[in-house]
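Dear colleague,

Here is the structure for your files. My notes on it follow below.

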Amino acid sequence: MNARVRGSTDVLATVNDAGGIDDVVRRAQQGDVEAFESLYRTHAAAIYALCRRMTDDEREARDLVQDVFVRAWERLTSFRGQSSLGTWLHRLGVNVVLERIRSTKRDAARLIEGDDSTFGSHSSAPAIDASIDLDAALVHLPAGARTVFVLHDMEGYSHDEIALMTGIAAGTARAQLWRARRALMRLLER
Amino acid sequence: MTQVETHLTEEERQAFADDSMSPEQRSSAEAHLAACESCAHDVARLTTLMKRIHETPAPTAPLDELWPTIRARIEQSKVVPLAAGAGTGDGGRGAGEPVHRAIVGRRARWFASIGVLAAAAILAIVVQMRSPANRAAAISGADTNEAAFIAVVDSAHAYEAEAKVLLDKLELQRAMLRPDAAKALEHDLHVVDVAIAELKDAVARDPNNPALRQLLATSYRQKVDLLKRITNAS
């Protein structure tokens, strides 16, 4: 990952200076719910931002945050400290969100397919306010393009990482990203 | 690329805007952009978008209020540490390991144990049935057999009653197990129940056979122990 996520998760790192696992994480791994609550309060904002941007629904994003941390609690013993806990949690969050998209979105197939037909031209862009902000513009992207755009440009994953997480080819991810940027550019310039 | 007639490709424009070009590629692209108004305009738009992306603050929301629900779900899901000294003989397991993982982890030992029991029971049955002395003793000792059988049945009832209490308790927790763990548990219980049923049949045919009775008692104890471990874990 680069840029934003790396910057944020380094700050939130829970790998101590000696390279081992932070005591709070270790206590959480041993079943200490209060320690896990501390981890939640440290990392929830970043996970919420991820969920909110990858979905277009505030309530769903909050549900996903809960799912991510419940899943994190279940799997915390598998965290070995090779990365920061923030990075581990973020990756877990991406997986949880992608699972939700695949299981609930009517256009889930677009996550896999190229998704060429629904955007990329001026005529297909929805009419929106001139004052639209980036997060609002994201809503108008198809699920696949939105996923790739958020993961790459906002969360800092590489195309290879996105390919691994979503199951699409890296080249497809790249093409989706370019089209998403073009569509956003037009939406935001209106 | 420095010639105006050869415009930057989409890949080059995007890479220039998101600053992922090598220094050499960037230098060449800059030379082209200086001479090509069309590409320069397009790249400027993309660059503006990228700047906007990086300047957009992350969405926020009050998240403290989510914690009680998360905590409740954690408690309900019974992703709990196994009770210390639960008699698993598994000293290497961390206290915080989720119960469903513990269940799955014990499956191999559990199956091995039940497999040995079942094999031993079958062997014992065959040996006993082929033994003329035992067959004669069985025929001549009908009263003794009946008393022994009643004793076995009483003992079995006691075990089954204990198992039922534990199963009722487990039923409440089973819904909280992950599907794969619940399925594994169902399968393991089925295996041990089959073994117990076969041993009960064998004991019914030969109630004075101490080996069969011992095997049956051991099977019951193992079932009860398994149920206790699972229920105690929560």
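In this predicted model, the largest nonpolar core holds 65 residues, and A:Ile47, A:Cys51 and A:Val65 have the most contacts inside it. H3(A) gives the most to this core, with 11 residues. Leaving aside neighbours within four places in sequence, A:Ile47 is in contact with A:Val65, A:Val68, A:Leu89 and A:Gly93. There is also a second, separate core of 10 residues, which includes B:Ile196, B:Leu199, B:Leu212 and B:Leu216.

On the interface: 29 residues of chain A are in contact with 29 residues of chain B. On the chain A side, the elements that give two or more residues are helix H3 (33–54), helix H4 (58–75), helix H6 (134–138), helix H7 (143–154) and helix H9 (170–189). The largest share of that side, 9 residues, comes from H3(A). By class, the side of chain A that touches chain B has 16 nonpolar, 5 polar and 8 charged residues.

One residue I looked at separately is A:His152, which is placed in helix H7 of chain A. Is A:His152 buried or exposed? A:His152 has 24 other C-beta atoms within 10 Å, and since the cut-off for a buried residue is 20 or more, A:His152 counts as buried. Apart from neighbours within four places in sequence, its contacts are A:Tyr157, A:His159, A:Ile162 and A:Leu177. Of these, A:Leu177 lies 25 residues away from A:His152 along the chain, and the C-alpha atoms of the two are separated by 7.8 Å.

Regards

Technical notes:
Residues are numbered from 1 along each chain as its sequence is written. Chains are lettered from A and ligands numbered from 1 in the order in which they are written. This is a predicted model: local features need pLDDT of at least 70, side-chain atom pairs count only at pLDDT 80 or more; totals for chains, interfaces and linings use all residues. Two residues are in contact if their C-beta atoms, placed from the backbone, lie within 7 Å. Helices (H or I, at least four residues) and strands (E, at least two) are DSSP runs, numbered from the N terminus. Ala, Val, Leu, Ile, Met, Phe, Trp, Tyr, Cys and Pro count as nonpolar, Asp, Glu, Lys and Arg as charged, and the others, Gly among them, as polar. A residue is buried if 20 or more other C-beta atoms lie within 10 Å of its own, exposed if 12 or fewer, and partly exposed in between; C-beta atoms are placed from the backbone. A nonpolar core is a set of buried Ala, Val, Leu, Ile, Met, Phe, Trp, Tyr and Cys residues joined through C-beta atoms within 7 Å.
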